[in-house]
Amino acid sequence: MKAADFSYHEVVNLQDAIKIKAQDDEAVILAGGQSLLPALNMRLSSPTCLIDISKISGLNEIKIDGQTLFIGALATHSDVMNNKTVKDNMPCMIDILKMVAHPAIRNKGTHGGSIAYGDPAAELPALAVATNAEIIVSGQNGERSINAKEFYLGLFETAINQDEIVVGIKYPLLKQGQKIVFDEVCRRHGDYAMAGLIANIMGSKNDIKDLKLVFFATGDKPDVADKTARLYLDNGYDYDKLKNSLSSEIDFAGDLNSSSEMKLHLATVLIKKVLSKLEN
Amino acid sequence: MDDIKVNQNPKLGSLDRPNSYIGRSLPRENAKKHLDGGGQFVDDLTLPRMVHVAFLRSPFAHAEIKSINTNNAKKSDGVVDVFTAKEIDEVCKPWIGNLGHLGEMRSPEQTPLAKKIARWQGEPVAVVIADSRAQAEDALELIEVDWAEKEAQVDMETALDSNAVVIHLELGNNLFWTRTVNQGDVEKAFKEADAVVETTLDFARHTGVTLESRGIVADWNKAENKMTIYHNGQAPHMMQHIIAKHLDLNEGLVRIVSRDVGGSFGIKVHVYPDEMAVTAISKKIGRPVKFIADRLESFTTDIHARCHKISGKLGVDKNGKILAMEIDDLSGIGPFSMYPRTSAIETNQVLNLSGAPYVIPNYKAVGTVVFQNKTPMCQYRAVGHPIAVAITEALIDKAAYKIDMDIDKIRKINFIPDNAYPNKCPSGVPLEDLSHEASMDKLLEIMDIKEIEVQKEEDFKKGVLTGHGVISMCEVTNPSPLFYGVGGAHISSQDGAAIRLEGSGAIHLSSSITEQGQGTEAIMKQIAADQLGVKMESVRVTLGDTDATPYGGGTWASRGAGIGGEAVLKAARKLKDNILNIAAAIMQTDKDTLDIEDNNIIRKNGGEGISLQKLAETVYYRGHELPKGTNAELLATASFLIEGIPFVFTNSAMGCQVSIDQDTGIIKINKFWAVEDCGTQINPKLVEEQIRGGVIQGIGGALFEECVYDDQGNMQNATMADYLVPMAYEMPDIIVDHVTTNSGRSIIGAKGAGEAGTGGAPAVIMNAVNNALKQVNAEVVSQPITPEKILKAIGKI
Ligand SMILES: Cc1cc2nc3c(=O)[nH]c(=O)nc-3n(C[C@H](O)[C@H](O)[C@H](O)COP(=O)(O)OP(=O)(O)OC[C@H]3O[C@@H](n4cnc5c(N)ncnc54)[C@H](O)[C@@H]3O)c2cc1C
């Protein structure tokens with residue numbers, strides 16, 4: 001388990017990284033390395049060139065930017081969990097990150113890395129979609145902003161171009177009466193989930209005005225289930241009906257720990273579990 | 001000094017005296033070294049001119065190797081050479097994993113590298129030798145193999161069908177070994193029974209997952225004709241013999257050094273093809289060669305274990321008395337039986353141990369072991385126990401439910417009474433010094449079953465399925481020559497100790513038992529210091545070096561304390577005797593008036609003594625001062641071996657309580673209790689850590705661990721991310737308590753304690769889960785018990 005040879009560029013500013021990336025089709029960004037390095041060591045991928053962006057300063061900034069919470073790409077999961085601005089403005093993010101891997105991995109793994117990697121079982125992409133976040137990328141033609149839902153195209157496939165790098169994510173600040181509630185089912189604590197759900201709710205338990213359900217670890221990307229959310233609002237929790245609806249809305253893909261049938265079941269009961277967390 | 005245990009072994013003397021270390025939970029010194037990163041593992045070693053290897057391993061479970069072209073690989077950067085079976089076979093003779101004492105075993109010859117046919121995914125086929133492991137891996141990609149993939153025999157259940165793929169054509173079929181035990185008349189007894197219950201249980205393959213992977217550095221010194229092997233194994237002298245035998249070396253000139261070892265669990269006690277190839281390469285190229293298995297290699301080449309399907313039947317009368325038990329076990333061991341212990345032992349233990357705690361007058365057991373195209377399977381911690389205990393205890397619970405009797409009561413009325421030893425297992429294997437009754441009583445006392453039952457009802461009302469179980473078991477420990485030696489294996493069942501007083505007054509001890517991280521060094525020190533009457537810190541220990549330690553078996557089958565510890569005790573007593581003789585001569589008094597305390601020879605009835613240092617100085621530097629004819633030997637040796645019975649058994653009782661989330665199928669172990677009777681506990685804390693660690697591995701088997709294969713025999717989850725071992729969050733509180741029945745076979749009275757947790761936890765967890773599921777008329781019969789299996793059982797999916 002030793003990586004194949006590659007050339008290694010440690011860059012200190014974004015422009016250099018973009019330049020190298022634009023020139024070399026095979027160049028790959030290295031941030032915290034928590035997902036990339038195992039893949040290289042197992043020789044599952046053998047890129048010829050790595051651009052290490054971890055030394056670029058300022059890319060780990062966390063701040064309020066207008067009506068959004070901005071998290072710089074290089075902020076590690078631990079940085080985010082320990083950040084006061086996050087705690088004050090989006091405490092759910094901290095609860096969600098507690099379910100991401102283990103402390104050692106969270107100390108290195110970055111927010112941008114998780115968003116850019118686009119693992120369908122990861123929590124953060126689903127959170128970004130559920131909260132209608134904008135992913136800010138920077139490339140040869142400058143910066144652009146991509147809505148999270150448009151960012152995720154398929155299995156590990158994103159709307160990012162070869163010359164572009166994720167610089168940060170903008171999460172809209174929660175409005176009065178808005179809540180983000182989540183739950184997931186894992187075989188072991190800290191593992192990728194067998195199924196997870198992030199709900200974006202406007203209203204209170206007995207009076208939900210608006211509901212958005214985004215599942216993860218279910219299909220090939222964060223799965224938005226608008227039809228099912230509608231059904232819940234109209235009918236309340238009816239296991240069979242919701243299950244039917246989910247199965248028509250999401251293409252469940254089984255994995256080693258849970259078949260597609262299991263995922264469909266878990267996704268359905270997660271609706272109950274998540275919404276029962278709401279207070280009146 | 002904390003935690004003084006009441007010493008129930010009069011042969012060891014009172015605990016109320018200086019230097020009484022046996023029975024105390026002393027911290028172990030070498031833990032500090034490891035915390036400080038000061039350990040020396042095989043991978044820490046770098047020798048001059050050392051090269052590294054990487055193996056090309058079969059990507060297929062079954063394939064013909066039509067040709068191998070290594071030309072391009074040989075030209076790759078840093079490559080020293082590339083070998084295939086042809087070159088390795090020139091220096092290493094094949095081996096056969098069969099033994100003679102258990103009936104016919106049919107494993108064919110095995111060579112380090114596959115010759116014409118690869119028979120499991122991961123079998124080594126070619127090897128690159130290079131200046132670095134990375135360069136060796138680069139060159140692997142340049143080896144061209146013309147493979148002709150063959151259909152694989154993956155499923156053990158079809159391995160004996162007439163249309164099965166025969167893995168070794170010369171054998172005609174895939175049968176490796178079979179055994180039948182028949183005591184009494186089960187047919188008749190089942191007819192007479194008031195209730196007969198049956199079940200079939202499935203145990204997935206899993207593996208040992210040692211923190212440190214397998215590793216070896218082989219260093220052939222041509223000038224001296226000497227082979228030095230740095231190896232993280234468990235049985236240095238066994239390896240010495242095997243390497244000499246297969247490489248045609250003078251056995252006396254093979255040295256095995258096993259310094260720190262990061263866990264072994266039986267994984268590292270076998271002969272692995274890649275390690276034999278490394279030794280052969282060193283012999284061939286005359287340079288030190290290093291191989292450290294990476295995690296992917298560990299998962300596809302370390303032995304796997306379990307992989308059993310077992311049916312069982314139990315007949316009881318209306319009072320709950322067991323009349324008969326019958327089992328039929330099938331196991332798949334991969335394409336070869338492992339060398340030299342064979343892969344028959346797990347099944348053999350299932351047959352030997354099923355029903356062991358109970359009086360079962362009629363017993364029949366059939367075991368069938370077949371070949372298949374998967375990673376070889378062999379002995380891993382608690383060999384066979386999880387299967388034997390689970391089938392026995394599942395049947396007993398079923399019988400209790402059927403005749404409506406409490407699960408503890410049915411056990412109590414069937415135990416072999418504590419006062420009825422020596423006795424025999426239903427299979428006929430002799431048992432002695434056990435305490436199932438006392439252990440179960442203690443377990444029930446610490447568990448508070450009444451309270452648990454109340455909680456169960458309350459939880460049920462809330463929609464949570466809570467359940468509990470209790471089990472009893474025997475653990476095989478301290479084996480005698482009847483385990484392997486009698487079958488022709490050069491595996492020592494005797495162990496030795498050598499202990500000396502040095503000129504400085506320091507004590508040096510060496511033993512043939514090895515340290516795998518479990519604390520051998522600490523307990524050996526405790527025994528030596530206790531028996532000699534010296535401070536712990538004055539004892540230094542050398543283990544794991546065939547050039548420096550006495551000859552012996554090493555560490556496996558929970559034999560370190562009971563066998564190796566007794567040798568240390570005997571050697572220390574001899575040395576003490578010598579010292580007191582010398583002291584009596586110097587002090588011109590009667591030896592019986594003297595003793596040793598805190599490194600000083602004291603006069604029991606007062607008066608001035610002398611220090612051990614002074615005595616040693618006199619002996620070594622001024623020997624002329626001693627009276628003529630004094631026997632001034634300050635080195636003593638002793639050996640010990642279990643004689644007359646196959647094993648010294650240990651027993652335990654375990655309980656656990658689980659809760660099941662009916663929506664997700666997730667099982668939570670709320671609490672786990674274990675009562676262990678391992679005789680004298682030399683260091684109670686280390687015993688408890690053995691129990692706890694064992695239970696955790698048992699939880700792994702019961703709920704998480706599985707080597708998942710697809711239909712073509714490809715392992716699907718060969719990484720630590722996908723192969724689930726229990727982690728801190730999955731570990732419940734484990735309450736450990738003890739009953740002490742010393743083994744009558746030794747002075748020290750210690751039995752083994754290393755495997756009970758792993759052997760018993762799967763059974764008690766499964767029983768607790770089924771106790772919970774019974775409330776909704778459901779049952780699981782397959783391990784690991786995954787959330788998906790639970791949801792299927794309760795009809796949610
Ligand atoms: C044992 C383990 C358990 C885990 N469990 C979970 C879990 O439960 N939930 C979960 O969500 N995650 C989990 N992870 C994944 C972890 O969260 C990610 O590995 C980490 O967040 C990725 O960040 P990184 O900085 O390490 O990315 P890297 O590994 O450096 O990169 C990952 C990928 O993203 C690309 N990339 C990185 N940064 C950028 C950027 N700024 N712009 C463009 N592309 C970029 C890289 O090129 C690469 O393809 C787990 C990981 C491990 C090892």
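In this predicted model, chain B exposes about 27,900 Å². Turning from the surface to the inside, 64% of the 797 residues of chain B count as buried. The charged side chains of chain B comprise 81 positive and 105 negative ones, and the centres of these two sets lie 3 Å apart.

The overall build of chain B can be described next. Its secondary structure comes to 19 helices and 31 strands. The radius of gyration is 28 Å, close to the 28 Å that the globule rule gives for 797 residues, so chain B is as compact as a globular protein of that length. Along the principal axes, the C-alpha trace of chain B spans about 85 × 75 × 45 Å. Contacts tell a further part of the story: of those in chain B with a separation of 6 or more, 79% are between residues 24 or more positions apart.

Strands of a sheet pair through backbone hydrogen bonds, in either a parallel or an antiparallel manner. Here, 3 strands of chain B form an open sheet in the order β24-β25-β26, and the pairing is antiparallel. Its edge strands are β24 (594–597) and β26 (610–611) of chain B, each of which pairs on one side only. Between β24(B) and strand β25 (residues 600–603) of chain B there are 4 bridges, and these two strands run antiparallel. Within this arrangement, B:Glu597 stands opposite B:Asn600 in β25(B).

The peptide bond from B:Tyr421 to B:Pro422 is cis, with omega near 0 degrees. B:Pro422 is located in the loop between α11 (407–414) and β18 (423–424) of chain B. Another cis peptide bond joins B:Gln783 and B:Pro784, where omega is about 0 degrees. The loop that holds B:Pro784 lies between β31 (782–783) and α19 (787–793) of chain B.

Positive phi values in residues other than glycine form the next topic. For B:Arg306, phi is near 65 degrees, a positive value in a residue other than glycine. B:Arg306 belongs to strand β15 (residues 304–316) of chain B. With a relative accessible area of 2%, under the 20% cut-off, B:Arg306 is buried. B:Asp404 likewise is not a glycine, yet has a positive phi of about 60 degrees. Its setting is the loop between α10 (385–403) and α11 of chain B. The relative accessibility of B:Asp404 is 71%, over the 50% cut-off, so this residue counts as exposed. Thus B:Arg306 is a buried strand residue, whereas B:Asp404 is an exposed loop residue.

Chain A contributes one further residue to this account. A:Ser245 is found in helix α11 (residues 239–249) of chain A. Because its relative accessibility is 7%, A:Ser245 counts as buried. Leaving aside residues up to four places away in sequence, A:Ser245 touches A:Lys227, A:Thr228 and A:Leu231.

Definitions and conventions:
Residues numbered from 1 in each chain as written. Chains lettered and ligands numbered in written order. Predicted model: local features only at pLDDT ≥ 70, side-chain atom pairs only at ≥ 80, totals over all residues. Heavy atoms only, no water. Rg over C-alpha atoms; globule rule 2.2 N^0.38 Å. Buried < 20%, exposed > 50% of the residue type's maximum accessible area, 1.4 Å probe, protein only. Contact = heavy atoms within 4.5 Å. Areas by Shrake-Rupley, 256 points an atom, 1.4 Å probe, with all protein chains shown as cover. Lys, Arg positive; Asp, Glu negative; His and termini not counted. Charge placed at Lys NZ, Arg CZ, Asp CG, Glu CD. Pairing = 2+ DSSP bridges.
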